[in-house]
Amino acid sequence: MNKALLAPALFLSTTILAGGASAQSSATVESTAPDPQELRRSVQTLVDFGTRHTLSSATDPKRGIGAARAWAAQRLRTISKDCGGCITVETIGESVTGDRAPDGVRVEDVLGIQRGTGDPNRVVIVQGHIDSRVSDVMNITDDAPGANDDASGVALVLEAARLLSKEKFDGTIVYAALSGEEQGLYGAEILAKTAEERGWTVSAVLNNDVVGNSTGIGGQHVADKVRVFSEGIRAAADEQGIAMQRAIGGEDDSPSRSLAKAIDRISTAAPGRLEVLAIRRPDRFRRGGDHIPFLKRGYPAVRFSEVAEHYDYQHQDLRTENGREYGDTIDKMDFDYLARVTALNVDVIRELASAPAAPATVEIEGAVSADTSVSWTPVKGAAGYRVHWRPANEMAWAEAIDLPAGQTETVLKGVIIDNNFFGVSALSDNGAESVVTFAGMPGGSGANGAAE
């Protein structure tokens with residue numbers, strides 16, 4: 001290994017804003033603000049299908065899951081037409097049977113694929129689930145408006161497509177409206193399996209579920225924050241992998257957790273964005289969502305959810321009891337808040353679709369030494385790399401140096417390996433930064449490993 005130390009003052013020629021966003025991307029953010037009224041129209045259209053239960057009619061043109069999926073596909077086609085065919089719309093699906101689908105049902109996802117111009121096999125997925133339910137998860141006849149759960153997430157996906165279709169990116173963006181979430185995460189399982197079968201390198205999965213309300217069941221009103229849930233110990237790791245993650249102290253730096261930290265970084269860099277509450281668990285207590293099948297395959301995936309949930313409005317029959325309203329109706333939503341969650345998603349997609357992939361592996365050496373050696377696998381298309389480190393008692397990266405594309409190793413003089421954690425991200429020529437790959441032992445994959 002080359003033992004030459006690069007001075008901490010060395011940086012790439014690109015001007016990097018605080019948090020890593022480029023000046024170019026910051027300017028673009030201001031010109032593509034999500035429209036609360038566009039979001040409202042999408043949610044209202046989905047609500048007007050009556051029920052979107054996964055077991056409801058797939059053929060009725062006006063009511064049920066089939067009509068809702070057809071509308072989402074047509075909306076993506078319209079957006080694609082406006083950008084000269086930049087989005088390819090397809091439907092993927094399969095027949096499933098389970099406790100909540102005892103007679104079997106065909107579950108289908110609607111995808112809009114905006115193919116990257118440089119590295120199209122690398123993808124960023126943004127998704128929400130189009131199905132809805134009431135109190136009885138098997139009730140397919142009663143109205144289940146599902147305004148916030150999860151027409152809000154689907155509206156966000158469609159608005160992101162409308163905005164980002166105006167731009168070109170090195171990587172591919174997949175806009176996904178998933179079915180079958182309430183019956184068992186079936187649509188997410190189908191998409192995760194599709195990503196695996198097609199050999200996609202997944203840079204991020206942004207699952208948006210219950211993201212359109214700012215007033216909670218206890219009367220809390222939180223309109224300036226959003227929760228981002230991420231796993232620590234990896235669901236995809238075997239017993240040896242879990243032991244390695246613990247041995248190197250990587251519990252807070254899994255691919256999912258690194259993605260959450262990147263989202264926090266990107267939010268901080270963009271003035272006026274929501275504050276990210278990076279929740280250090282995979283999902284809410286004893287609950288789950290459509291990012292879980294991706295985590296089980298080792299992909300970096302997180303869940304966005306509002307901070308102040310109102311449980312009277314989730315999974316409830318429409319009714320009023322003793323003056324208390326129940327049901328997930330559109331009048332309970334805050335579309336200015338949903339627009340802010342959408343804006344943050346758009347920022348993150350823009351950054352990660354512009355950035356190269358994260359390094360597949362990063363290794364460190366330096367036991368019983370005053371210095372730490374860091375090396376990493378080269379990344380296709382990277383214009384440079386950012387080597388991060390932080391005190392081992394802290395969670396946020398504290399120090400960094402930028403290195404040119406041809407260099408994949410360095411020595412940090414006077415930085416003791418026992419007292420610090422280390423990681424490396426890849427940079428594009430305009431300063432967009434990948435998620436950070438956590439550094440592990442030589443010959444191992446570290447806490448991150450390859451997100452492929």
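**Overall shape and selected residues of the predicted chain**

H315 counts as partly exposed, because its relative accessibility is 23% (buried means under 20% relative accessible area, exposed over 50%, partly exposed in between, with a 1.4 Å probe and protein chains only). The model is predicted: local features need pLDDT of at least 70, side-chain atom pairs count only at pLDDT 80 or more, and totals for chains, interfaces and linings use all residues. Residues are numbered from 1 along each chain as its sequence is written, and side-chain values use heavy atoms, with hydrogens and water left out.

H315 sits in the loop between strand 8 (301-306) and strand 9 (319-321). Helices (H or I, at least four residues) and strands (E, at least two) are DSSP runs, numbered from the N terminus. H315 is not a glycine, yet its phi is positive, at about 55°. N322 shows a positive phi as well, near 55°, and is likewise a residue other than glycine. Most residues other than glycine have a negative phi, and most peptide bonds are trans. N322 belongs to the loop between strand 9 and strand 10 (324-326). N322 counts as exposed, because its relative accessible area is 86%.

A cis peptide bond is also present. This bond joins D149 and D150, with omega about 5°. D150 is part of helix 4, which covers residues 147-164.

Confidence comes next. The mean pLDDT of the chain is 91 (pLDDT is the predictor's confidence in each residue, from 0 to 100). Of the residues in the chain, 91% reach 70 or more. Residues 1-30 stand apart from that level: pLDDT stays under 50 over this stretch. For residues 1-30 the model has 68 contacts beyond four places in sequence (contact means heavy atoms within 4.5 Å). Where pLDDT is low, the predicted coordinates should not be read in detail.

The overall shape can then be described. The chain has 452 residues, so a compact globule would have a radius of gyration near 22 Å. The value for the chain is 22 Å, which agrees (the radius is taken over C-alpha atoms, and the globule rule is 2.2 Å times the number of residues to the power 0.38). Along the principal axes, the C-alpha atoms fill a box of roughly 70 × 45 × 40 Å. The chain holds 10 helices and 17 strands.

Of the 452 residues, 58% count as buried. Contacts between residues 24 or more positions apart make up 76% of those with a separation of 6 or more. The accessible surface comes to about 17500 Å² (by the Shrake-Rupley method with a 1.4 Å probe; for residues, only the protein chains shown count as cover). Carbon and sulfur atoms account for 49% of that surface.

The chain carries 45 positive and 62 negative charges. Their mean positions are 2 Å apart. Here Lys and Arg count as positive and Asp and Glu as negative, while His and the chain ends are not counted. Each charge is placed at NZ of Lys, CZ of Arg, CG of Asp or CD of Glu.

Several buried residues lie in helices. Q183 is found in helix 5 (residues 181-184). Q183 is buried because its relative accessible area is 4%. Beyond four places in sequence, Q183 contacts H53, T54, L55, R100, V137 and M138. Q183 and R133 are 50 residues apart along the chain, and their C-alpha atoms are 9.2 Å apart.

A188 lies in helix 6 (residues 186-197). A188 counts as buried because its relative accessibility is 0%. Neighbours within four places aside, A188 touches L178, D290, P293 and F294. The C-alpha atoms of A188 and D109 are separated by 8.4 Å, across 79 residues of chain.

S256 belongs to helix 8 (residues 255-269). With 1% relative accessibility, S256 is therefore buried. Apart from neighbours within four places, S256 meets S230, E231, L295, P300, A301 and V302.

N345 is part of helix 10 (residues 335-354). N345 counts as buried because its relative accessibility is 0%. Not counting residues up to four places away, N345 is in contact with V126, L156, L206, N208 and F304. One of these, V126, is 219 residues from N345 along the chain. The C-alpha atoms of N345 and V126 are 8.0 Å apart.
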